[in-house]
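Subject: Structure handover

Hi,

Here is the structure I promised to pass on. Please load it before you read the notes below.

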Amino acid sequence: MAEPVVRIPDAKVALSTASVYPESTATAFEIAARLGYDGVEVMVWTDPVSQDVEALRRLSDYHQVPILAVHAPCLLITQRVWSTDPWAKLQRAQAAAERLGASTVVVHPPFRWQRQYAKDFVTGIWRMADETDVRFAVENMYPWRYKDREMLAYAPEWDVTKDDYRHFTVDLSHTATARTDALAMIDRMGDRLGHVHLADGRGSAKDEHLVPGRGTQPCAELLERLALSGFDGHVVIEVNTRRAMSAAEREADLAEALAFTRLHLASAARRPTERAPRP
């Protein structure tokens, strides 16, 4: 019996609602449906719709686009979204994911000045993960840099592989900003890699979130590894389209990112250097 020419993993390709900023969460659902994404990841931020579970459910139903993940409000600009208590934010993110049928909550490690939260973070994430089928996938971050100075803004670590979590999110824009080896990082994550934020970067001190293929990160190689390993998590396009000169240009960028991702996920079932076993 002939072996398949390509191996396409079960991973679904989703659009982060952050990828359409400064357009709205509702616009992300429209674009995801039009371009053929498998679903969306909702970035919970200052847009009221992103905070409203019933509004999100209606958008998902109307556009027939499932919500695959919820990104908890961990950014500086979302410090007051869904409470000022970081654990309350995660509880609400979990509840939202459960009600919306999302399998994953993405969470950043704490800011260093959130001392008690940071102190209890690793054990607290394990405790919450034990209470639900939703994956809490902790995302790699990066040092903050200004000129020749470097500030360690996250605790316990921006490199989340140094701590013990059940699931990880790898973000390739963040590996670029951290100037760390993305493939070595996913090797350290191993089978605990549950979620991918696909973007690109050139190693700038700014978190660039370029369309995959436009920077220096091994986006294609990472996707091919996922295909060969049978990765069953989600690959989420999380790119910056704020400089798009028009809605058409933004949509073209998001179509390019989707095509790039699907192309490289359809990886060769056997590497060219590998020979088939003798009968």
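A residue counts as buried when its relative accessible area is under 20%. Asp47 has 12% relative accessibility, so it counts as buried. Keep in mind throughout that this is a predicted model.

**Asp47**

Asp47 lies in the loop between S3 and helix H2 (48-51). Which residues does Asp47 contact, leaving aside its neighbours within four places in sequence? They are Ser24 and Thr25. His209 is 162 residues from Asp47 along the chain. The C-alpha atoms of that pair are separated by 20 Å.

**The barrel**

Eight strands close into a barrel.

Take one pair as an example. Strand S5 covers residues 104-107, and strand S6 covers residues 135-139. They pair in the parallel sense, over four bridges. Thr104 has Arg135 in S6 as its bridge partner.

Two helices on the sheet deserve a look:

- Helix H1 (residues 25-35) packs on the sheet and touches strand S2 (12-16), strand S3 (39-43) and strand S4 (67-71). The direction of H1 makes about 160° with that of S3.
- Helix H8 (residues 219-229) also packs on the sheet, touching strand S9 (167-171), strand S10 (193-198) and strand S11 (234-237). The direction of H8 makes about 150° with that of S10.

**Helix H9**

H9 runs over residues 247-265, which is 19 residues. How far apart are its end C-alpha atoms? They are 27 Å apart. At 1.5 Å a residue, H9 should span 27 Å, so the two values agree.

H9 has a list of buried residues. Among them are Arg250, Glu251 and Asp253. Leu254, Ala257, Leu258 and Phe260 are also on the list.

H9 packs with both H1 and H8. Two packed helices are described by the angle between their axes and the distance between the axes.

First, H1 with H9. Their axes come within 11 Å and cross at roughly 50°. Angles between 35 and 65 degrees fall in the oblique class, so H1 is oblique to H9. The crossing of H1 and H9 is right-handed. On the H1 side, Ile31, Arg34 and Leu35 make the contact. On the H9 side, Glu251, Leu254, Ala255 and Leu258 do.

Next, H8 with H9. These helices pack at an angle of about 45°, with their axes 8 Å apart. That makes H8 oblique to H9. The crossing of H8 and H9 is right-handed. H8 contributes Cys219, Ala220, Leu223, Glu224, Leu226 and Ala227 to the contact. H9 contributes Phe260, Thr261, His264 and Leu265.

**Backbone points to check**

There are cis peptide bonds to inspect. One joins Tyr21 and Pro22, with omega about 15°. Pro22 sits in the loop between S2 and H1. Another runs from Ala155 to Pro156, with omega near 0°. Pro156 sits in the loop between strand S8 (149-151) and S9.

Positive phi values are worth a look too. Gln64 is not a glycine, yet its phi is positive, about 55°. Gln64 is in the loop between helix H3 (53-63) and S4. Is Gln64 buried or exposed? At 66% relative accessibility, Gln64 counts as exposed.

Trp82 is a residue other than glycine, and its phi is positive, near 55°. Trp82 is in the loop between S4 and helix H4 (86-100). Its relative accessibility is 7%, so Trp82 counts as buried.

**Ser60**

Ser60 belongs to helix H3. With a relative accessible area of 13%, Ser60 is buried. What does Ser60 contact, leaving aside its neighbours within four places in sequence? The contacts are Phe29, Val65, Pro66 and Ile67.

That is the handover.

Best wishes

Technical notes
Residues numbered from 1 in each chain as written. Predicted model: local features only at pLDDT ≥ 70, side-chain atom pairs only at ≥ 80, totals over all residues. Heavy atoms only, no water. Pairing = 2+ DSSP bridges. Contact = heavy atoms within 4.5 Å. Axes fitted to C-alpha atoms, helices over the stretch in contact; angles between N-to-C directions. Expected span 1.5 Å × (residues − 1). Buried < 20%, exposed > 50% of the residue type's maximum accessible area, 1.4 Å probe, protein only. Parallel < 35°, antiparallel > 145°, perpendicular 65-115°, else oblique. Left-handed = near helix turned anticlockwise from the far one by under 90°.
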